[in-house]
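Read the following with the sequence and the 3D view side by side.

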Amino acid sequence: MLTVLQAREPRWNDAGHTSLNLLVTFVETAETLGEMPFTASPDDCEVYGRDLFARAVTLEFGEVLEPSDVELTRTAALTLAGLTGEATAAIGTLQPALATLQDAVRLSMATEVESAALPAKQAEYDAWCAYRVRLSRVPGQAGYPASIDWPAIPSTQGVGGTESASE
């Protein structure tokens, strides 16, 4: 457990105000580390992190400034990379099964079950591809990175055998 000696310059990390950065000096590390940047959140795994967040939002360390454009851009880029990776993984999972169904139909080798499954599998694949395209356009939105209209994640059945719900 660390004890806060002083904290200053709180600034939100994101537009959603889910975490913030401060410059903090801890009693236990004051002589060795001095003042250091610290990220605090209400979900911090350490009690002192949750405490710092609670104290900062009550303005104990001064006004909590809005996130800088650099922070907003970094947060948006990280979120975008994660969502794009998820879309690419879903597409990669769907491609082999879709290709096999398409081959079976094209070669007149499809069973009734395969023929019936092709439209749904194609629609699922297309939904993930369209989602990935919409994600690629996020940085071009008016107001980016301060205001982002994230596209909805496709609601699908069958990717990896699980159902994924739209957020």
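pLDDT is the predictor's confidence in each residue, on a scale from 0 to 100. For this chain the mean pLDDT is 90, and 93% of the residues reach 70 or more. This is a predicted model, in which local features need pLDDT of at least 70 and side-chain atom pairs count only at pLDDT 80 or more, while totals for chains, interfaces and linings use all residues. Residues are numbered from 1 along each chain as its sequence is written, and side-chain values use heavy atoms, with hydrogens and water left out.

Over residues 158-167 pLDDT stays under 50. Contact means heavy atoms within 4.5 Å, and for residues 158-167 the model has 20 contacts beyond four places in sequence. Where pLDDT is low, the predicted coordinates should not be read in detail.

Begin with the sheet. Strands of a sheet pair through backbone hydrogen bonds, either parallel or antiparallel; two strands count as paired if DSSP finds at least two bridges between them. Here an open sheet of 3 strands has the order β1-β2-β3, and the pairing is antiparallel. Its edge strands are β1 and β3, each of which pairs on one side only. From one strand to the next, the twist averages 35 degrees; angles run from 0 to 180 degrees between N-to-C directions, and axes are lines fitted to C-alpha atoms, for helices over the stretch in contact.

β1 and β2 are joined by 6 bridges, and the bridge partner of Q6 in β2 is T25.

β2 is mostly covered, with 5 of its 7 residues buried. L5, in strand β1, is exposed, with a relative accessible area of 54%. Leaving aside residues up to four places away in sequence, L5 touches T25, F26, V27 and A30. The C-alpha atoms of L5 and A30 are separated by 8.1 Å, although the two residues are 25 apart along the chain.

Helix α1 (residues 47-57) lies across β1, β2 and β3 and runs at about 115 degrees to β2. Which residues of α1 are buried? They are Y48, G49, L52, F53 and A56. Seen down the axis of α1, these residues fall within an arc of 140 degrees, so they line one face of the helix; the arc is that of the directions from the helix axis to the C-beta atoms. An α-helix has 3.6 residues a turn, so residues three or four places apart point the same way. The cover over the buried residues of α1 includes β1 (4-12), β2 (20-26) and β3 (36-40).

A nonpolar core is a set of buried Ala, Val, Leu, Ile, Met, Phe, Trp, Tyr and Cys residues joined through side-chain atoms within 4.5 Å. The largest such core has 16 residues, and those with the most contacts inside it are Y125, W128, Y131 and L135. Two or more residues come from each of α2 (69-106) and α3 (112-136), and α2 gives the most, with 8. Apart from this core lies another, of 15 residues, among them V4, F26, F38 and A56.

Some backbone details remain. Most residues other than glycine have a negative phi, and most peptide bonds are trans. H17, in the loop between β1 and β2, has a positive phi of about 55 degrees and is partly exposed at 29% relative accessibility. S108, in the loop between α2 and α3, also has a positive phi, near 55 degrees, and is exposed at 70%. L59, which follows α1, has a positive phi near 70 degrees. The peptide bond from Y144 to P145 is cis, with omega near 5 degrees; P145 lies in the loop between α3 and β4 (156-159).

Key
Buried < 20%, exposed > 50% of the residue type's maximum accessible area, 1.4 Å probe, protein only. Helix = DSSP H or I, 4+ residues; strand = E, 2+ residues; numbered from the N terminus.
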